[in-house]
Amino acid sequence: MWKPTAAALALLILSGAAAADERSACERLLRKLDSQLADASCVESPDLTTRNPDTTPADDSLPGLPPSAFMPQADRDILVADPAHRPPIKKAVPGLQIQARFAKDPLGQARFLLRLPKDWNGRLVVAGASGARSEFNGDFVWSDYVLQQGYAYASQNKGVLSAYASTAADPLACRTGTPDNPHYVHYYDDDPGQEFTRWRDFMVMASDLARRGVEAQYGRKPRYTYAVGASNGGYQVRRAIETAPEYFDGGVEWAGTFVDPRGPSLLTDLPPAILNYPDYLASDFSPTSTAALNILAAGYPPDLVADTANGPVSLWSKHADSFWKPTQCQWQKRLDPGYDTYGAGPGRYNYLARLSASTVGNNVAAIATDGKIKRPLITVAGTMDALLPIDHHARAYARQVAAEGGEHAQAYRLYEIQNGNHVERYAKIFPKLELIEPHAQHAFDLLVRYVEQKTPLPPDQCVARGGAISDAPTQLGHCPNLLVPIEPARNHRCDR
């Protein structure tokens, strides 16, 4: 009978202890975060990137919720390019993944995601969430990119679930679909207690909780923490950099939502687009129609029309069908609930008139950005953004930062992407559009080098089609035109 030597016995004991420690990694981590989390789950994953199908849960996978309240798979696809045009994932990233609720949220809707790579680079990225999206919204754009570089990654859902199907009898329901075939959805964002002021708070809370998780896992706090986000998630980044510099070392926001009680804002921009779109559609997409000129005058970029197998498709029509009306309704019902949405009409909403008839001005002021950034911040935005027009959102925020001045205003940059749009997947239909994601990721790397190595940031610039953010740009400042023509060699679709 074989008897192990003392050395072999010691090796077996050490191996067993290591295996037990590995098996209990999630248990130890959850125990340390127990007071901060509710309904928490932790898995040791062979790959934290989206190449692993288990990284992002299935839609409607949280028990007890109605359909569409929790849509992680759909959420991560909403703004990004089609799979063929996304940056490739070059390696697996093993590590731990935690999914949970914030225990301190009295409404029980605030959700948290934390990914901790085995090979950690000592840094943390905290992501905002666009639209009414879940904490998995940034999986393709931000999580995959930073995890492969060794960053820990955290995200949240702005403290609110998404939406559920409703009816016209629901006073908080928003109409979607076509006039001939309307559907109604109820956004959790419009419920009592879900003020938009919570958006900023949960971005900061996510950073605080993620830093605790990082320290519990690796035995030390992150050396640097960065904020990233797009659209409403970009707004979260701005507010975090303005108000919570102790939690972030810098931020990158992609087409963040501008909020100012003096305007412009979604409540000033969307109504004229909604009001004029039916007449524009009736004109057969005539660019010289009065309706088209009114939409342009409201700040929107020129329309694009592509001939497809199902007939002509318009960039404006894509936004009108999927974004303009639901977004206007959601924001109006939250910020000006006394307005008769479908009696008076969403297209006839007059923000300036409502200032003296409601509390909308105070409600907008409560969530407004102030431009007083306290950490380095980069904005990346497309000139063809047909949801958040660049002059009323990205450029408006740049003007606000410049007006406020201060020490950190020198570390603010706006990189305009020529022909970039808010919704990347539309580039498959309209080849004149430029993808923004590579530039947003490049901007993140530039920010990190600035913060950690003091490498100067490239100046504000217009990034030409097919170009990149440059230390010596051809076009400084704003892009002269919102739309530039496509080169003949790339014109493989019939845009008109």
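**Why the terms apply: sheet, helix pairs and a disulfide**

Colleague: Which residue of strand 2 stands opposite Glu44?

Modeller: Glu44 stands opposite Leu96 in strand 2. This is a predicted model, in which local features need pLDDT of at least 70 and side-chain atom pairs count only at pLDDT 80 or more, while totals for chains, interfaces and linings use all residues. Residues are numbered from 1 along each chain as its sequence is written, and side-chain values use heavy atoms, with hydrogens and water left out.

Colleague: How do you know that strand 1 and strand 2 pair, and in which sense?

Modeller: Two strands pair if DSSP finds at least two bridges between them. Strand 1 and strand 2 (residues 95-102) have seven bridges, in the antiparallel sense. Strands are DSSP runs of E, at least two residues long, and helices are runs of H or I, at least four, numbered from the N terminus.

Colleague: What is the strand order of the sheet, and what makes strand 1 and strand 15 edges?

Modeller: The order is 1-2-3-5-4-9-10-13-14-15, an open sheet of ten strands with mixed pairing. Strand 1 (37-45) and strand 15 (461-463) each have a single partner strand, so one side of each lacks a neighbour in the sheet. Neighbouring strands are turned by 15 degrees against each other on average, direction ignored.

Colleague: Which strands does helix 13 touch?

Modeller: Helix 13 (residues 394-404) packs on the sheet, touching strand 10 (250-254), strand 13 (377-382) and strand 14 (412-417). Contact means heavy atoms within 4.5 Å. The direction of helix 13 makes about 160 degrees with that of strand 14. Axes are lines fitted to C-alpha atoms, for helices over the stretch in contact, and angles run from 0 to 180 degrees between N-to-C directions.

Colleague: Why is helix 7 called oblique to helix 9?

Modeller: Helix 7 (residues 266-282) and helix 9 (residues 315-335) pack at about 140 degrees, with their axes 9 Å apart. Angles under 35 degrees count as roughly parallel, over 145 as roughly antiparallel, 65 to 115 as roughly perpendicular and the rest as oblique. Therefore helix 7 is oblique to helix 9. Their crossing is left-handed: the near helix is turned anticlockwise from the far one by less than a right angle (clockwise would be right-handed).

Colleague: How do the residues of the contact of helix 7 with helix 9 divide?

Modeller: Among the residues that meet are Leu266 and Tyr280 in helix 7, and Trp316 and Leu335 in helix 9. The contact has 13 nonpolar, four polar and one charged residues. Ala, Val, Leu, Ile, Met, Phe, Trp, Tyr, Cys and Pro count as nonpolar, Asp, Glu, Lys and Arg as charged, and the others, Gly among them, as polar.

Colleague: Why is helix 7 called roughly antiparallel to helix 8?

Modeller: Helix 7 and helix 8 (residues 290-297) pack at about 160 degrees, with their axes 8 Å apart. That angle makes helix 7 roughly antiparallel to helix 8. This crossing is left-handed too. The contact includes Asn276 and Asp279 of helix 7 and Asn294 of helix 8, and has seven nonpolar, two polar and one charged residues.

Colleague: What makes Cys26 and Cys42 a disulfide?

Modeller: The cut-off is a pair of cysteine sulfur atoms within 2.5 Å, and here S to S is 2.1 Å. The torsion about the S-S bond is about -65 degrees, so the disulfide is left-handed. Cys26 in helix 2 (residues 25-32) and Cys42 in strand 1 are 16 residues apart. The whole structure has three disulfides.
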